Amino acid sequence: MSQPLGRAKGPGPTPHSFLFVSPDDEQKLKVGEFITYPVSLGGGQEEPVLSRITERRPVRLYPNAFSGDPQVDPNRIAAMVGYQGRSSELFEITAEVIGYYDRQLKDFVNPRVPPRVGTPITLAENTYLSDVLSRCKPDDTGAATIGWLLSRPQGEVPVAIDVGAVVSTHLAIIASTGAGKSYTASVLIEEMMRANNRAAILVIDPHGEYNTLAELPNAKQLCRDGYRPEARIYAPGDVKIRVGTLERGDLRYLLPSVTDRMDYMLGRAYRQAQNLSRQRFNSEDRWTRAELLGVLDRIDEDAEDNFDKGTIQALRWRLESTIKTGKGQIFDDQEQTSLEDLFRPGRCSVMQLNQIDSREQQVIVAALLRRVFTARMRTKNGEVGPDSDYYLPYPVFILIEEAHNYAPAGVDIVTTGILKKILAEGRKFGVGVGLISQRPGKLDSDVLSQCNTQILLRIVNPIDQARVRESVESVGRDLLAELPSLTKGQAIISGAAVNTPMLCQIRPRYTRHGGAEEDAPRAWVTYADSALARQREQDSALLQPTGRRNRLYKS
Amino acid sequence: MGVSLGKIVKSNSHTDYICQVYGRNEFDPAPGVENYALGTFVRIELEGGKAGALVGLIYDTVLLNPDFGRLGPRLSPETELAMFTPDYLNERAVLVGITAIGRVKADGDVFQGVPLLAANSDAQVIQMTDDEIRAFHAYDGALHLDYLPLLAHMDHPLALHLSLIVLRKLGRLLPECATELAVLSDDLLWRTQIGPLGGMQ
């Protein structure tokens, strides 16, 4: 049992908080730090009650004048006027009660009364914190040890988040640009790819910054007993979406300037193409681009007035110029990337969407999410077997970068509906989503609030902070106040995957980081140096005649 | 047995007594200045000691001197004056203020706080010994300072300093309680030394 650092003073400003006083000589009682006090549970049983420091307020300070000369230690002034007390600083510290850990419930139980006045307050011990903060132990199946408790030395209190909870109740990684979003996501992926998890992960990567995950198989820390994680990087042209899997809304979203009349004609053609597909393949998603255009042509032939003909021709032109199929194109009439290729336990697939138009990106993601959700639903309900396109016999996790592009606030786009559906129902079918965004203010608040585990890194923008505050209920205001002051790699972790919100230091990556920004000054200097060197080379070449010239000169 | 310091000559209230310190030739041995220093624990005998004694603390010292302000020339030197008018010389006195902080009964029982009984005029004032001070504070297996709030709230400029002197003295006499006493001392030290200079408290 460690020495008490303070003594309880009384109830705090909120029903579940209390005040204690401490000189905190060793500066251990930081905001966010965990402390304990004993509580009797009857029958001689005593348990430590875990609490978190939310505020520290000095109650004893030297007069300002004592610090008037930076060269003079105010303690010397105090000693000079006769104060030789034990501590010139005294703090009134507010702590929020989390509760004592009930091992049967596997959760904290709030004792509902503050500690008695004078109750000793101790710093929570590392072993105790390791035991109760995380839902699982490092190396357990389902544990992702992404770092350690920020207030403790490196590795003393590992933070292991519950992968099961992340997959079933979804995740949000929110941070300003440069705060370490993709780094944190990559650490989480590494942990999920460990031998004890062997997750089936797909990363939607609009910026092509996750390509270094290709090094996953070489990370020795992740290999065990013959297991070696796989990584597949799908370059922008590598992923194929079968045209037939596109919905009418997808087509409408992709086509530029579609009028209501064109939309009506598109609807007619789409339904007829689906009917044809159903007749031929007993499935309505096998129609081709050519078939859709053929249906449009037949509607054109049957059209009685020139106005309709003009509309159909305009729609046809839009479809031909926008939906391109074949080699090198994302959309294809027959081919589509197999779900079993994209998702396999122990495999991390990265779908790079850079160089692709943003609307196309959204349609690709929507089509893929729909397919994955349908596949999991049908497989789980026993409707399809191993020979089906929709056979996906294990849970999957999809990590979506720049999520605000797929579920923007205030407007419904092609991806919004399916994302909300997965967030609401994915738990039943084993489809987990991780949303990564640097602009939570631009992210749909319903979508954000349905992500039950949050990893929050530095957020400076007040609008983004406000959105996080209103959407993330599990994090206290004291921790949210830390958001702008977090440094790179420091994160607030809260929600379903941990037992209580905490400040965490994300561990170093095993694979190289690919999301770092370009070092512009270094690039400029390097370029200028090499240009200068080339120039010098050219100049010196003129000044030093070759031997042949010398010979010519002689002759 | 402690040194006899003097007699109660006046009281300002139930707990505030004035004691005239024995002068030269008034008591043998005559008390020295160190015996009636500020913060000295004293016993004020109740009915000659039959009803026990009040326990008090010397909180102030006042010098009486009728000669003060008489700046005119004297016809006789002071040594000769002493021979002919000894009463006149006795008008010079040292008075000490004593605040009653408890009582020790005749059977040795201790009570701290405002005593119910009051001392009479001419009651003997005796300096308490270290053992008596220990017995007054350490009983029932614990250190008691029930009277400290009375001291802290005395309407006197030296009240906090008096408390500090008491705590330091007790820290020396009861080293086993030094840690607890240091907590109180530290607070008083801050309030007496740093607070008046503008420190936050």
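Reader: What makes A:I121 the bridge partner of A:G6 in β7(A)?

Author: In this predicted model, A:G6 has A:I121 as its bridge partner in β7(A). Strand β1 (residues 4-11) of chain A and strand β7 (residues 120-123) of chain A form an antiparallel pair with three bridges. Two strands pair if DSSP finds at least two bridges between them, and three bridges were found here. Strands (E, at least two residues) and helices (H or I, at least four) are DSSP runs, numbered from the N terminus. Residues are numbered from 1 along each chain as its sequence is written, while chains are lettered from A and ligands numbered from 1 in the order in which they are written. Local features need pLDDT of at least 70 and side-chain atom pairs count only at pLDDT 80 or more, whereas totals for chains, interfaces and linings use all residues; side-chain values use heavy atoms, with hydrogens and water left out.

Reader: How do you know that β1(A) and β2(A) pair?

Author: Four bridges connect β1(A) with strand β2 (residues 17-22) of chain A, in the antiparallel sense. Within β2(A), A:V21 is the bridge partner of A:R7. Five residues make up the hairpin that joins β1(A) to β2(A).

Reader: Why is A:V163 called buried?

Author: Buried means under 20% relative accessible area, exposed over 50%, and partly exposed in between (1.4 Å probe, protein chains only). A:V163 has 9% relative accessibility, so it counts as buried. A:V163 lies in helix α3 (residues 163-169) of chain A. Contact means heavy atoms within 4.5 Å; beyond its neighbours within four places in sequence, A:V163 is in contact with residues including A:G142, A:A143 and A:M192.

Reader: Why do A:D300 and A:K309 count as a salt bridge?

Author: A salt bridge is a side-chain nitrogen of Lys or Arg within 4 Å of a carboxyl oxygen of Asp or Glu. The N to O distance for A:D300 and A:K309 is 4.0 Å, and their side chains meet in a salt bridge. A:D300 is buried because its relative accessibility is 13%, while A:K309, at 27%, is partly exposed.

Reader: What makes A:E320 and A:R316 a pair within one helix?

Author: Both lie in helix α8 (residues 306-322) of chain A, four residues apart, about one turn of the helix.

Reader: What parts does the pair A:R507 and A:E190 tie together?

Author: A:R507 forms a salt bridge with A:E190, with 3.0 Å between the closest N and O atoms. A:R507 is in the loop between β20 (502-506) and α15 (520-543) of chain A and A:E190 in helix α4 (residues 181-192) of chain A, so the pair ties together parts that are 317 residues apart in sequence. Both residues, A:R507 and A:E190, are buried. A network of salt bridges links A:E190, A:E191, A:R194, A:R507 and A:R509.

Reader: How many salt bridges cross the interface of domain 2 of chain A and domain 3 of chain A?

Author: The rule finds two salt bridges across that interface. A:D250 and A:R370 meet through their side chains in a salt bridge of 2.3 Å, N to O.
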